[in-house]
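Please open the model in a viewer and show the side chains.

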Amino acid sequence: MADAPQEQSWLNRTVLGVGLTSLFSDWSHETATAILPAFLAAIGAGPAWLGAIEGIADGLSSFTKLAAGHYTDRLKRRKPLAVFGYAFTAFATASFAFATHTYHVLFGRVAAWLGRGLRSPAKKALLAADVPPHAYGRAFGFERLMDTVGAIAGPLTALWLLEATGHSYFLWTLLPGFVAVAIFWLLVRERPIATRPQRSFFLGLKALPPPFRRLLVGVGVFGAGDFSHTMLILYAARTLTPGHGATRAASIAVGLYTLHNVFYAGSAYLSGWLSDHVPNRKSVLAAGYALAGVTALLLCTGTHSLWLLAIIFILAGLYVGTEEALEDSLSAELVPKGQHGMAFGTLAAVNAVGDFLSSLLVGFLWSAFNVQTAFTTSAVLFFAGALLIFRLRPHS
């Protein structure tokens with residue numbers, strides 16, 4: 001990989017288009033997400049409803065990615081499906097402006113996340129099709145970087161909207177949402193791909209290369225310990241409350257999470273760049289997984305030090321950026337272009353199951369035992385995943 005030819009530029013109109021689309025689309029729905037808890041409280045819904053809405057939407061979205069991945073590999077043109085998914089998400093998110101009952105929000109959120117599920121495999125397949133393999137790391141890292149910039153801009157926009165507008169603030173999400181649709185339609189190119197065999201869903205899964213299936217095992221083991229990073233906010237708030245008070249501790253925790261997102265954005269691109277310049281891309285992903293293990297061990301200390309908490313949040317941001325960029329780019333490298341849709345959809349489903357199990361597992365162990373038991377379990381799974389990825393033989 002280090003000796004790959006460099007004559008074809010990786011930062012082309014498709015990479016730029018996908019990156020900018022991710023920025024504006026994430027800006028749109030993260031603005032709505034930041035406002036959503038307060039809006040639900042205003043219409044009489046509590047934390048249980050918020051958890052149910054997010055859980056149902058995330059679950060359906062992830063398995064929609066699996067089905068969409070299979071379907072997009074059968075299409076002559078993937079781009080219209082991706083454009084439809086972005087437009088559908090934008091409309092569904094804006095529909096919150098007309099919600100008067102909690103079930104309206106549930107339907108809107110589920111619809112928005114189904115749109116995300118439809119577009120994701122097609123988007124990633126289009127990106128991989130227009131990038132030379134030696135630049136997969138930079139291309140997917142750039143997409144994650146831009147997505148995270150949108151995730152930072154969204155909450156900041158939400159703060160302004162809460163001050164400047166009334167109930168119609170959700171309609172403002174249409175603006176960045178449809179900028180995303182326009183950019184994708186105008187900039188992203190559809191590269192012709194060789195004729196693909198028309199397989200059934202299960203035959204399509206079976207046809208995925210053995211090295212990719214082994215990658216999924218490593219991703220799954222790691223994912224079983226990869227708890228939601230909102231738990232970091234809870235961890236920081238609890239450990240800082242005795243010394244700073246509950247209100248001050250909550251504010252510091254949110255500030256630490258913002259720091260986390262900044263390093264997440266930077267590491268997504270830098271780790272992708274690094275993976276394009278080392279002999280084995282898998283080693284960078286394995287290092288990211290190992291860094292997650294170090295982060296979990298530091299969490300086991302139950303520290304009250306603000307400086308150590310800052311280091312923990314920075315490390316968490318670094319490893320999640322590496323994880324997301326490298327899982328995508330390594331998948332693109334291991335799987336033929338004609339199967340990229342199925343590969344990205346399957347990867348998303350494995351990650352979804354991991355996210356669901358890990359948050360339940362870590363939350364249960366934390367509540368039933370203690371912080372040390374919860375995060376030691378995560379650390380073991382993180383290091384096991386790192387070992388599986390490091391031992392992966394891409395060409396076997």
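Is Phe184 buried or exposed? Select this residue in the predicted model: Phe184 has a relative accessible area of 0%, so it is buried.

The model holds 19 aromatic pairs, and Tyr86 with Phe184 is one of them. Their ring centres lie 5.5 Å apart with the planes at 40°; the pair is therefore tilted, since only planes under 30 degrees apart count as stacked and those over 60 as edge-to-face.

Now move to Phe227 and Phe375. These rings form an edge-to-face pair, with 5.1 Å from centre to centre and 75° between the planes. Phe227 is found in the loop between α8 (210-223) and α9 (230-244), while Phe375 is in helix α14 (residues 371-390); the two are 148 residues apart. Phe227 is buried at 3% relative accessibility, and Phe375 is buried at 0%.

Finally, inspect two charges placed over rings. Select Lys79 and Trp185: Lys79 lies over the face of Trp185, 5.2 Å from the ring centre. Then select Arg116 and Trp113, where the charged end of Arg116 sits over the ring of Trp113 at 4.5 Å from its centre.

How values were computed: Residues are numbered from 1 along each chain as its sequence is written. This is a predicted model: local features need pLDDT of at least 70, side-chain atom pairs count only at pLDDT 80 or more; totals for chains, interfaces and linings use all residues. Side-chain values use heavy atoms; hydrogens and water are left out. Rings of Phe, Tyr and Trp (its six-membered ring) pair if their centres lie within 6.5 Å; planes under 30 degrees apart count as stacked, over 60 as edge-to-face and the rest as tilted. Buried means under 20% relative accessible area, exposed over 50%, partly exposed in between (1.4 Å probe, protein chains only). Helices (H or I, at least four residues) and strands (E, at least two) are DSSP runs, numbered from the N terminus. A charge sits over a ring if NZ of Lys or CZ of Arg is within 6 Å of the ring centre and within 35 degrees of the ring normal.
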